[in-house]
Amino acid sequence: FLPVGVGLASGMAVVGNIGSPERLEYSAVGDTVNLAARLQEMAGPGEILAAASCFPEGPPAGWVSLGPIPVRGRNEGVVVYRHS
């Protein structure tokens with residue numbers, strides 16, 4: 001058991017080598033990446049939180065809706081599901 005939380009979001013992102021020729025780092029940036037990072041910050045140890053964007057046809061069994069919750073950097077709440 002690892003005491004880490006996981007945050008998931010799906011959507012568009014820019015992925016690749018970012019930086020200057022002296023220091024390139026492979027990274028991902030964008031709103032989707034930021035949302036996944038925020039959900040990961042909110043997840044408790046062993047918990048998986050996923051944005052509704054991960055389930056366009058509805059969540060599979062085992063996922064519980066937490067409803068719209070406030071997420072830092074967003075004006076409106078985000079519908080989030082927790083794996084149980």
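**View 1. Val14, Ile18 and Val29 make a nonpolar surface patch of about 230 Å².** The model shown in these views is predicted. Valine 14 sits in strand S2. Isoleucine 18 is found in strand S2 too, which covers residues 14-20. Valine 14 is exposed, because its relative accessible area of 53% is over the 50% limit. Isoleucine 18 counts as partly exposed, at 36% relative accessibility. Residues need over 30% relative accessible area to join a patch.

**View 2. Isoleucine 18 and its contacts beyond the sequence neighbourhood.** Neighbours within four places in sequence are left aside here. Isoleucine 18 is then in contact with Arg23, Leu24, Glu25, Ser27 and Val29. Valine 29 is eleven residues from isoleucine 18 along the chain. The C-alpha atoms of this pair are separated by 9.4 Å. Two of the contacts, Arg23 and Glu25, return in the next view.

**View 3. A salt bridge links glutamate 25 and arginine 23.** Their side chains meet at 2.6 Å, N to O. Glutamate 25 counts as partly exposed, at 39% relative accessibility. Arginine 23 is exposed, with a relative accessible area of 57%. Both residues are also in contact with isoleucine 18.

**View 4. Arginine 74 and aspartate 31 form a salt bridge.** The closest N and O atoms are 2.7 Å apart. Aspartate 31 belongs to helix H1, residues 31-42. Arginine 74 lies in the loop between strand S5 (63-69) and strand S6 (78-83). The pair therefore ties together parts that are 43 residues apart in sequence. Arginine 74 is partly exposed, with a relative accessible area of 31%.

**View 5. Glutamate 47 meets arginine 82 in a salt bridge.** The N to O distance is 3.5 Å. Glutamate 47 lies in the loop between H1 and strand S4 (48-51), and arginine 82 in strand S6, so this pair ties together parts that are 35 residues apart in sequence. Glutamate 47 is partly exposed, at a relative accessible area of 21%. Arginine 82 counts as partly exposed, at 28% relative accessibility.

**View 6. Arg38, Glu41 and Arg72 join into one network.** Salt bridges that share partners connect these residues. The count of salt bridges comes to five.

**View 7. The chain as a whole, for orientation, has one helix and six strands.** From the N terminus on, the elements run β-β-β-α-β-β-β. The C-alpha atoms fill a box of roughly 45 × 30 × 25 Å, taken along the principal axes. Of the 84 residues, 23% count as buried. Among contacts with a separation of 6 or more, 51% come from residues 24 or more positions apart. The chain exposes about 5700 Å², and carbon and sulfur atoms supply 56% of that area. There are 5 positive and 7 negative side chains. The centres of these two sets lie 6 Å apart.

Methods:
Residues are numbered from 1 along each chain as its sequence is written. This is a predicted model: local features need pLDDT of at least 70, side-chain atom pairs count only at pLDDT 80 or more; totals for chains, interfaces and linings use all residues. Side-chain values use heavy atoms; hydrogens and water are left out. Helices (H or I, at least four residues) and strands (E, at least two) are DSSP runs, numbered from the N terminus. Buried means under 20% relative accessible area, exposed over 50%, partly exposed in between (1.4 Å probe, protein chains only). Contact means heavy atoms within 4.5 Å. Accessible areas come from the Shrake-Rupley method with a 1.4 Å probe; for residues, only the protein chains shown count as cover. Lys and Arg count as positive and Asp and Glu as negative; His and the chain ends are not counted. The place of a charge is taken as NZ of Lys, CZ of Arg, CG of Asp or CD of Glu. Patches are made of residues with over 30% relative accessible area and no salt bridge: like charges are joined within 9 Å, nonpolar side chains (Val, Leu, Ile, Met, Phe, Trp, Tyr) within 5 Å. A salt bridge is a side-chain nitrogen of Lys or Arg within 4 Å of a carboxyl oxygen of Asp or Glu.
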